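Have a look at the picture first, and then we'll walk through some of its parts.

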Amino acid sequence: MSFSNILGQDRTVRRLKALLKSGRIPPAMIFHGPPGVGKFLAAFEFAKAVNCSHTEHRARPAAPAAPDPDDLFAAAAPAAAPEPEAAPPRTHADKSDSCGFCLSCLQAATGAHPDIRVVDTAFQAALLDEDESANLKIDTLREVTRWAQQKAMLAPWKVFIVRDAEAMVTNAQNAILKTLEEPPPGTLVILTVSKKSALLSTILSRCCLIDFGPLPESALSTLLQAQGAEPGEAARLAALGGGSLEKAAEAASFLKRVSALRPGDPARAFKFSAGLPRDSHQAREEVKTLLDLLLARGRSAWRRAEGPAKDRLTALLRRTLELRRMADRNVSYVLLLETALLESERAGIKLEDLVRTA
Ligand SMILES: [Zn+2]
């Protein structure tokens, strides 16, 4: 992997490469954009590139430090590293991207780089030895702060990628704030977020903001095919995905659930809504995606409609927008979805229409 494998974010990738080329690496960055558009992948590639032996982003003379026996993060470090550049010598002249074959790049590719740490709820569960929770807690970010004070083990930069950083509770955000304000030399923190407003203004003001947009449909289709979807299926899901790989995966799950229902079954809306994920965060995201699909379908039907049908669709669009706003509050998502599906059916838009691309 290198930046060339990040599809559909050309402008953003150019900006990241320009930063690398200039050698002016901001120590605190926010990668912001919708879910499922490649923010994490880009953060990881950036981390690889700053630490690649063939680029020159040395923050300071790197004196490799002995692993700290109390360092919980260090447990992930590999026992033995593969030999770098053992076979025919290869050259790499691009200072704005990783080479993919030096020791640092090889370690990063296997997820075993001791100086590149991904901080997310799965990592937290292992760190704190507890079940995975929806939030990132203060203890986790305190550990990050502690590790940021230590020397890097191998690479010039210690990189923390806090994935979906909006999951940080307020005191966790305060715990990382000092590291963002006064980063120890050679520390790079990248927060990936889809909702900037969930971060403290003090955090936002300290970080270099890198924006990611929705993926073009062609890039989404290519990515879905790379994940094993047939070309036709990939195109269909890409059209429903609204520029997000995550939304396209949700659409695939909707298609599966809709096709399992008997056409004409009057209880379809209830049966479909009963299939929402139990996790309330996931359920809310799915309901929002479905309401977005409903709005898109409603708008295209409204453009073609005339007379009383147009009036019905106008009322439906207003109502759906209202339900879409309610989805951001603490409501019963099953009830919300049932209401939206029943009302759309009355206005002539069936459940099947929502996952139809033509
Ligand atoms: Zn490299």
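## Before we start

What you see is a predicted model, where local features need pLDDT of at least 70 and side-chain atom pairs count only at pLDDT 80 or more, while totals for chains, interfaces and linings use all residues. Residues are numbered from 1 along each chain as its sequence is written, and side-chain values use heavy atoms, with hydrogens and water left out.

## The overall picture

The protein has 15 helices and five strands; these are DSSP runs numbered from the N terminus, with helices being H or I of at least four residues and strands being E of at least two. Of its 358 residues, 47% are buried. Buried means under 20% relative accessible area, exposed means over 50%, and partly exposed is in between, using a 1.4 Å probe and protein chains only.

Take the contacts (heavy atoms within 4.5 Å) between residues at least 6 apart in sequence: 74% of them join residues at least 24 apart.

Axes here are lines fitted to C-alpha atoms, for helices over the stretch in contact, and angles run from 0 to 180 degrees between N-to-C directions. Angles under 35 degrees count as roughly parallel, over 145 as roughly antiparallel, 65 to 115 as roughly perpendicular and the rest as oblique. The contact is made by E233, R236, L237 and L240 of α9 together with A248, A251, A252 and L255 of α10.

Now for α8 (residues 217-226) and α9 (residues 231-240): their axes come within 8 Å and cross at roughly 135 degrees, which makes α8 oblique to α9. On the α8 side, the contact is made by E217, L220, S221, L224 and Q225, and on the α9 side by P231, A234, A235, L237, A238 and A239. A219, L220, S221 and L224 of α8 are buried, and the buried residues of α8 pack against α9 and α10 (245-259). After α8 comes G228, with a positive phi near 110 degrees.

## The zinc site

Which residues hold the zinc ion's protein donors? They are C52, C99, C102 and C105, each through its SG atom, at 2.3 to 2.4 Å from the ion. Donors are N, O and S atoms within 2.8 Å of the metal (3.2 Å for Na, K and Ca), and sites may look incomplete because water is not among the atoms. Along the chain, the donors follow the spacing C-x46-C-x2-C-x2-C.

The four donor atoms subtend angles of 102 to 116 degrees around the zinc ion, so the arrangement is tetrahedral; for four donors, that label needs all angles to lie between 85 and 135 degrees. C99 and C105 are both buried.

Is T145 buried or exposed? T145 sits in helix α5 (residues 138-148), and with 18% relative accessibility it counts as buried. Leaving aside residues up to four places away in sequence, T145 touches A175, I176 and T179.

K21 belongs to helix α1 (residues 10-22) and counts as exposed, at 66% relative accessibility. K21 and D97 are 76 residues apart in sequence, and their C-alpha atoms are 8.6 Å apart in space.

Key
Tetrahedral: all angles 85-135°; square planar, octahedral: opposite > 155°, others 65-115°.
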